[in-house]
There are 2 protein chains.
Amino acid sequence: MGNITLKMLAKELNLSTAAISKALKDSHEISAVTKLRVQALANQLNYIPNPYAGSLRQRKSKTIAVVIPEVADSFFSLALNGIESVAIEKGYHALIYLTHEKIAREKAILKDLQSGRVDGVLMSVTVETESAGHISELIGKVPLVFFDRVCEEIDTAKVTTDDYESAYNATNHLIEQGCKNIILLSISNNLSISSKRMEGYKQSLVDHGIKHRRSNIILCGNDPVKNYALIKKIMTRAPRPDGILATVEKLTTEIYLVCQLLQIKIPGDLKVVCFSNLTTAAILNPSLTTVTQPAFEMGKAAATILFKALEKKNAKLSKESQVIPSVLSLRNSSAGI
Amino acid sequence: MGNITLKMLAKELNLSTAAISKALKDSHEISAVTKLRVQALANQLNYIPNPYAGSLRQRKSKTIAVVIPEVADSFFSLALNGIESVAIEKGYHALIYLTHEKIAREKAILKDLQSGRVDGVLMSVTVETESAGHISELIGKVPLVFFDRVCEEIDTAKVTTDDYESAYNATNHLIEQGCKNIILLSISNNLSISSKRMEGYKQSLVDHGIKHRRSNIILCGNDPVKNYALIKKIMTRAPRPDGILATVEKLTTEIYLVCQLLQIKIPGDLKVVCFSNLTTAAILNPSLTTVTQPAFEMGKAAATILFKALEKKNAKLSKESQVIPSVLSLRNSSAGI
């Protein structure tokens with residue numbers, strides 16, 4: 001009987017939901033007789049008030065949730081700063097939930113958010129997110145804006161960067177620097193951003209008349225030890241790769257350590273470009289050429305869109321999508337000799 | 001009149017608070033007459049039920065809060081992983097709140113947590129936290145465990161690392177490598193960890209018969225541009241410093257960039273040790289000697305203590321403090337020539 005709603009009580013008694021709500025709160029605006037009628041029916045039907053419903057309707061939780069895979073990646077820590085720059089201005093708390101790239105965690109978190117704990121959600125999906133049922137379910141109840149890692153099939157606002165173009169440009173750059181055998185290191189076959197980066201990489205090879213080899217696209221995981229072993233295996237292949245485009249920041253350390261071990265010189269023997277917002281990119285040995293994503297700006301844009309929806313009734317979130325371009329920051333790891 | 005509590009109703013009617021609660025929820029366990037008496041008094045006194053009270057008492061929110069200054073620092077991202085490794089096992093959500101080193105944010109967050117939104121709190125205070133009134137207020141309502149940055153005056157569990165000893169050992173190491181004019185870069189005069197690191201640094205100088213100069217202790221801030229300018233100024237002093245102990249990870253990039261600009265060779269002209277958990281420490285130019293903190297273990301230990309308290313009534317949190325030692329990881333930035 002937990003499903004009795006204010007609306008049902010209102011219909012039964014031919015009153016507004018607001019009147020029911022006020023009656024249950026013993027408001028002075030409601031007559032004693034009406035209060036008794038409402039209370040009697042509520043008792044009869046065993047109506048259990050949703051403790052969050054009031055705050056939900058009035059947007060009183062004054063909190064938003066940010067659901068992201070991790071914070072060790074500087075893209076996400078910068079995006080969080082962008083999100084909070086808006087949330088703080090609006091007097092909101094941002095609750096950060098980490099999925100650790102696990103779909104089971106993501107589902108549990110989204111279920112928890114259905115309770116009305118927060119007024120809105122900003123989200124980047126996990127590498128395991130293939131279906132979107134759990135997201136659709138939440139969207140009916142709480143406005144949600146994707147940033148970076150989006151679910152294409154869900155009709156809501158999305159803030160992304162130009163993943164296809166930036167991978168295309170980065171691969172062009174490696175080819176122009178003399179690379180002929182370029183490895184693409186990816187972390188997912190599902191993620192929208194991974195697919196787009198892969199397409200950009202492939203198109204650049206095609207446009208330069210370089211045959212694309214499937215064995216040059218490598219799927220890495222979350223375990224640094226396994227990634228290290230995988231990269232080591234690739235770098236002992238014959239013919240040895242002469243370029244790497246890594247689509248995720250955390251692979252940088254393993255690439256550099258493998259090259260130290262195998263005495264492969266960067267950029268002499270191998271040129272490297274990473275999608276990365278590492279502040280240490282400029283002080284690595286050698287300094288790292290990066291696809292620098294507009295992380296702060298993306299977080300800020302996503303939060304701005306969400307608050308627009310929170311402040312306006314029936315705002316159409318799907319019409320608010322934005323693409324903010326990344327920048328190729330040239331440093332020594334891809335320099336010509 | 002929002003201060004009428006279940007307890008007051010119970011006293012007035014000579015019933016237990018449990019009976020009052022059940023009566024207000026129209027429980028079958030309570031007689032119709034009692035229900036009417038309770039409801040009448042509740043109406044008369046305008047009793048407003050606390051929507052979170054039920055979940056608080058029953059520990060049903062199944063969430064804990066983690067209140068930390070930032071996530072861009074790898075100490076905190078690793079500590080979060082340690083915390084979540086425990087929370088997930090216990091079936092809990094961890095909500096992460098960022099203070100961005102602002103005391104006003106910290107106060108606002110702790111006030112929000114008083115509502116009973118979470119069952120427990122893990123916390124590292126801001127650089128601005130001087131008084132602890134806002135923390136004491138929360139502690140009466142929700143169990144709280146400090147990790148890393150603690151409030152000494154608050155009587156609750158604290159998980160820390162050996163800040164004094166690790167700064168002492170790091171300074172000893174720099175002196176043994178030949179440094180005579182060592183700068184300490186700090187970020188706070190208030191933080192317990194900063195004071196302890198400073199004391200360890202000073203004691204090492206004393207023990208080696210090196211005169212401590214106040215001008216060698218430098219207070220940095222949150223703005224990388226200002227920190228860069230500050231470090232540049234210090235590195236153009238005569239006589240030029242020959243060693244730096246940085247008590248916070250984020251200063252690494254500025255130290256290295258200043259040395260690049262001024263053509264100061266690390267470790268030839270300047271030896272550097274940082275408190276840092278950067279995964280890129282080993283691939284910097286040169287690789288960085290670090291005080292490596294047991295970040296994951298500290299997060300895990302703090303969460304373990306908190307859940308022990310959540311599972312036991314009246315657990316004495318103050319008796320559960322732990323100190324987990326850091327490790328000095330020697331690399332090239334402090335090598336002898």
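Predicted model: local features only at pLDDT ≥ 70, side-chain atom pairs only at ≥ 80, totals over all residues.
**View 1**

**View 2. The contact between chain A and chain B.** Chain B gives 30 residues to the contact and chain A gives 29 residues. On the side of chain B that touches chain A, the elements that give two or more residues are helix 5 (74-89), strand 2 (93-98), helix 6 (103-113) and helix 11 of chain B. Strand 2 of chain B supplies the largest share of that side, with five residues.

**View 3. Strand 5 of chain A and its parallel partners.** Strand 5 of chain A (residues 158-161) pairs in the parallel sense with strand 4 of chain A (residues 144-147) over two bridges, where F146(A) has K158(A) as its bridge partner. Strand 5 of chain A also pairs in the parallel sense with strand 11 of chain A (residues 322-324), here over three bridges, and V159(A) stands opposite Q322(A) of strand 11. In a regular strand the side chains alternate between the two faces of the sheet. Along strand 5 of chain A, K158(A) and T160(A) point one way while V159(A) and T161(A) point the other way, and all are buried.

**View 4. The six-stranded sheet of chain B.** Six strands of chain B form an open sheet in the order 7-6-8-9-10-12, with mixed pairing. Strand 7 (217-219) and strand 12 (327-329) of chain B stand at the edges with a single partner strand each, so one side of each is left without a neighbour in the sheet. From one strand to the next, the twist averages 20°. Within this sheet, strand 8 (residues 243-246) and strand 9 (residues 271-275) of chain B pair in the parallel sense over four bridges, and A246(B) has C274(B) of strand 9 as its bridge partner. Helix 11 of chain B packs on the sheet, where it touches strand 6 (182-186), strand 8 and strand 9 of chain B, and its direction makes about 160° with that of strand 8 of chain B.

**View 5. Helix 10 and helix 11 of chain B.** The axes of helix 10 (residues 224-235) and helix 11 (residues 251-262) of chain B come within 9 Å and cross at roughly 50°; the two helices are therefore oblique to each other. Helix 10 of chain B passes helix 11 of chain B in a right-handed crossing.

Definitions and conventions:
Residues numbered from 1 in each chain as written. Chains lettered and ligands numbered in written order. Buried ≥ 20, exposed ≤ 12 C-beta atoms within 10 Å, placed from the backbone. Pairing = 2+ DSSP bridges. Axes fitted to C-alpha atoms, helices over the stretch in contact; angles between N-to-C directions. Parallel < 35°, antiparallel > 145°, perpendicular 65-115°, else oblique. Left-handed = near helix turned anticlockwise from the far one by under 90°. Contact = placed C-beta atoms within 7 Å.
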